[in-house]
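Please look through the sequence and the structure below before reading on. The paragraphs that follow go from the secondary structure to the core and then to the chain as a whole.

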Amino acid sequence: VAPLPPVATGVQHTLPQLHYALNVASRCVPQRIDLPAGYNISGCSAWGHLPVPAGVDWTVAGPAGLSEDSRPVIDCGASGGVMFEVTAGGSLVLENIRLQRATVGAEVTAATGLRVSGIGAELALANVTVTGFSSAASSALQLYSGMGGAMMVVNGGRVLAENCVFSRNTAADVGGMAALVGLGSVLELANCEVTGNSALGGGGGGVAVFSPDGRVATRDGCLFANNMAPAGTGGAVLVDSGATNARVSLASTRIVDNVAGIIGGGLGVFAADAARVEIGSGSLVLDNRAQVGGGVGVVESRYAVPKAPGFASSALARATASSVANASVVFLPGSILAGNHASYGGGFFACGAAVDAQQASLAAPTPVASIGGGYAFVCRLSDGSAPAIPTWVIDPVSGAPSCTAGGYGPQLATPPATLEVVD
């Protein structure tokens, strides 16, 4: 066990002091710092992340069995700053603690509160609450500026979280809770809550996946709820066109009450080459909202997204291809689709990419579109014609549900193709 350095009575330890204690301890054996219940570590780094170097195995833990409010806390406070970067070959375990109010640092890579970077870099979180982080102040001169409100997983880094809460974190651009960038980055969540996070730019109110060969896996009752991408795509999860061969697997996961200002209230997916999103058994996509595609929006990789909410369907770009080889989003047996709301496409929006809902179970309430396409809305082809059905939206084997549209197409609709004036 690595002891914290002595401080005067009544003086709180700072995070750099905690890091120093671990850093000067022997690297021949794992090192651990145990924090007492309710203990407060303050004073994060204003310059750059505190590195977890290659070859170390560090643990910072509070007592097991405490309520969330009784756990020790690492709180950057009003002045913000950044916490740890786990570098290639390093390992950091955080258990039974709270992490609060990290922002950004001055260093070029310090664009979010936590960073896990490189092959073999691993951050494991157990019974941890991460709240109030923000990358809103990141500079355009920083690497991956605005990506990841709480954390960034880079170039093969790996984050494993169990029984954790990620809430009220904000990204200046994408990934309110986390962004995955660089080749082969991994995020695994088990029984975690991702709630009330925001991405203020391109989207992914909860998680944004930009990583080629990246992996996101959720299981054991995870919840994505009340996340927002007010000016972007993917209220809960965004998969970018650069995430070639990425896999997102959502098992026993509820995606509920998320909002996107443009496309995909629950999930927004740009159909990157060989990328695939699977909504697995026990998962629920319910009551999400967007301008287009309340539940899921899936579009071709180079799709030009409208620049601001509130557009008419005529502003939607047309597809460059009339058919696709494989669906980018697949509902597996035991998955459930219910509710979801949009101006166009209450359940789905598809354009040059496909969503396969054959194995989805449909439940009340049914999807609602305030204007067109209660169940699904699809864009037009480049020549102005409508795609053949079911090219882009493959209905459940039980058939599409009876849905509601305030204007036209209670089941399926496209943008208007012609205008006819009748005397």
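Two strands pair if DSSP finds at least two bridges between them. Helices (H or I, at least four residues) and strands (E, at least two) are DSSP runs, numbered from the N terminus. This is a predicted model, in which local features need pLDDT of at least 70 and side-chain atom pairs count only at pLDDT 80 or more, while totals for chains, interfaces and linings use all residues. Residues are numbered from 1 along each chain as its sequence is written, and side-chain values use heavy atoms, with hydrogens and water left out.

The chain contains 1 helix and 43 strands. Twelve of the strands form an open sheet with parallel pairing, in the order β3-β6-β9-β12-β16-β20-β24-β28-β32-β36-β40-β43. At its edges stand β3 and β43 (412–413), each with a single partner strand, so one side of each has no neighbour in the sheet. Helix α1 packs on this sheet, where it touches β3 and β6, and its direction makes about 30° with that of β3. Axes here are lines fitted to C-alpha atoms, for helices over the stretch in contact, and angles run from 0 to 180 degrees between N-to-C directions. Within the sheet, β12 (residues 151–154) and β16 (residues 178–181) pair in the parallel sense over 4 bridges, and M151 lies opposite A178 in β16.

Another open sheet has 11 strands, again with parallel pairing, in the order β2-β5-β8-β11-β14-β18-β22-β26-β30-β34-β38. Its edge strands are β2 and β38 (361–363), each of which pairs on one side only. From one strand to the next the twist averages 10°. Strands β11 (residues 129–131) and β14 (residues 165–167) are joined in the parallel sense over 3 bridges, with F166 of β14 as the bridge partner of V130.

Buried means under 20% relative accessible area, exposed over 50%, and partly exposed in between (1.4 Å probe, protein chains only). β13 pairs in the parallel sense with β10 (residues 122–126) over 5 bridges, and A126 stands opposite E162. It also pairs in the parallel sense with β17 (residues 186–190) over 5 bridges, where L189 is the bridge partner of A161.

Helix α1 covers residues 15–24, of which L15, L18, H19, A21 and L22 are buried. These residues lie on the same side of α1 because they cover an arc of only 155° around the axis, taken from the directions from the helix axis to the C-beta atoms. Y20 and V24, on the other side, are exposed. The cover over the buried residues includes β1 (31–34), β2 (40–42), β3 (50–52), β4 (57–61), β5 (73–75) and β6 (84–86).

A nonpolar core is a set of buried Ala, Val, Leu, Ile, Met, Phe, Trp, Tyr and Cys residues joined through side-chain atoms within 4.5 Å. The largest one has 107 residues, and M83, L99, F166, L189, F331, F348 and F349 touch the most other members. Leaving out residues up to four places away in sequence, F348 touches residues including G293, V296, F331 and Y375; contact means heavy atoms within 4.5 Å.

Buried residues make up 57% of the 423 residues in the chain. Among contacts between residues at least 6 apart in sequence, 85% join residues at least 24 apart. Along its principal axes the C-alpha trace spans about 90 × 40 × 35 Å.
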